[in-house]
Amino acid sequence: MGASWDDVREGMEIPTLEKNCNTQQLVHWAAGSGDFYQIHYDHNFAEATGLPNIIVHGALKHAFLGQLLHDWVGNEGRIKRVGCSYRGMDFPDEDIHCKGVVTRKYEENGEKLVDLEIWTENPEGTRTSPGSATVQLP
Amino acid sequence: MSDETQESLITDEMRASIGRESEPTTLEVDKTSVRMFARSVGYTDPVYYDEAAAQAAGYRSLPAPPGYLGTPVFNPNRRSARPQGMLEPSRPLKRVLNGGTDVEYLADICAGDILTSVSAVSSIEERKGRLGEMLITTTKTTYTNQDGEVVAIMTGTGIRY
């Protein structure tokens with residue numbers, strides 16, 4: 001069961017989704033998404049472009065935030081919008097904490113909606129992918 | 001040596017490209033690609049893997065997880081068109097980073113759907129940041145399904161430096 005609009009209050013945190021991707025997951029994502037840019041799986045290539053290591057795909061962090069929302073709203077709710085900026089790099093085998101806080105609860109065009117601030121956070125507590133989302137709840 | 005009087009990175013050709021729509025791209029959403037995408041993110045919800053579970057939850061077939069907007073139909077004999085926003089700036093920039101993604105969903109996308117996407121550059125900006133000279137291109141892509149319904153609008157930000 002997903003969240004119910006009646007139980008949501010502004011300021012509440014939604015359950016955190018914990019991620020930590022190894023290089024195998026990054027290769028899997030490359031195939032799943034079609035993004036084969038080598039900085040995400042070829043260490044030598046990443047270093048040659050000036051990066052300290054292979055980096056996690058930005059779009060994978062966007063997809064993690066999508067999962068954070070899906071796991072919260074369930075299949076009776078719907079994700080209306082999800083967006084984030086890629087402000088900081090995340091690396092393989094490091095924790096990525098995906099979090100969200102409700103910023104607004106309202107009704108519009110007969111739909112029960114919730115706006116959220118969402119982000120991914122690295123082990124130092126820096127928000128590497130800050131964003132926002134709107135979901136519809138039953 | 002760079003200095004403040006240097007000409008803009010943005011060429012006339014790039015300015016003229018703003019708002020120009022790309023050729024349409026056909027993208028397929030199928031069960032295998034939905035499962036592969038969902039697995040690569042780490043979903044455990046059976047709606048992304050088991051069609052009976054998806055239908056029991058009210059979907060036509062496996063739903064596309066957030067972020068999955070179909071797989072472009074690959075044709076090895078057609079040279080891919082130059083991606084939108086990838087015109088050469090006045091001075092070469094070697095590196096590319098993804099700056100951000102925002103997707104608005106207007107209807108369910110499910111396995112079996114065939115989407116058509118059309119992209120257009122909505123803005124090109126240049127900035128000096130911690131990476132040096134940067135070119136920031138915002139592109140909007142509209143996805144329409146086989147019934148002519150707009151199902152998603154993606155705004156992507158690309159950074160070249």
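This is a predicted model: local features need pLDDT of at least 70, side-chain atom pairs count only at pLDDT 80 or more; totals for chains, interfaces and linings use all residues.
For the complex, the predictor gives an ipTM of 0.96 and a pTM of 0.92.

- An open sheet of 11 strands runs in the order 1(A)-3(A)-4(A)-5(A)-2(A)-3(B)-6(B)-5(B)-4(B)-1(B)-2(B), with antiparallel pairing. Strands here are DSSP runs (E, at least two residues), helices are DSSP runs too (H or I, at least four), and both are numbered from the N terminus; two strands pair if DSSP finds at least two bridges between them.
- Strand 1 of chain A and strand 2 of chain B sit at the edges with a single partner strand each, so one side of each has no neighbour in the sheet.
- Helix 3 of chain A packs on the sheet, touching strands 1, 2, 3, 4 and 5 of chain A plus strand 3 of chain B. Its direction makes about 145 degrees with that of strand 2 of chain A (axes are lines fitted to C-alpha atoms, for helices over the stretch in contact, and angles run from 0 to 180 degrees between N-to-C directions).

**Where the chains meet**

- The contact takes 27 residues from chain A and 24 residues from chain B, counting two residues as in contact if their C-beta atoms, placed from the backbone, lie within 7 Å.
- On the chain A side, helix 3 gives the most, with 9 residues.
- Strand 2 of chain A pairs antiparallel with strand 3 of chain B over 5 bridges, and V82(A) has V103(B) as its bridge partner there.
- Strand 2 of chain A also runs antiparallel to strand 5 of chain A, joined by 6 bridges; in that strand, the partner of V82(A) is A133(A).

**Helix 2 of chain B**

- Its buried residues are S33(B), V34(B), F37(B), A38(B), S40(B) and V41(B). A residue is buried if 20 or more other C-beta atoms, placed from the backbone, lie within 10 Å of its own.
- Seen down the axis of helix 2, these residues fall within an arc of 165 degrees, so they line one face of the helix; the arc is that of the directions from the helix axis to the C-beta atoms.
- They pack against helix 1 and helix 3 of chain A, together with strand 2 of chain B.
- Just after this helix, G42(B) takes a positive phi of about 110 degrees.

**Strands 1, 3 and 4 of chain A**

- Strands 1 and 3 of chain A pair antiparallel over 5 bridges, with H97(A) as the bridge partner of E18(A).
- Strands 3 and 4 of chain A pair antiparallel over 11 bridges, and G100(A) stands opposite I118(A).
- Their hairpin has 2 residues between the strands, and N109(A) takes a positive phi near 50 degrees in it.

Note on methods
Residues are numbered from 1 along each chain as its sequence is written. Chains are lettered from A and ligands numbered from 1 in the order in which they are written. A residue is buried if 20 or more other C-beta atoms lie within 10 Å of its own, exposed if 12 or fewer, and partly exposed in between; C-beta atoms are placed from the backbone.
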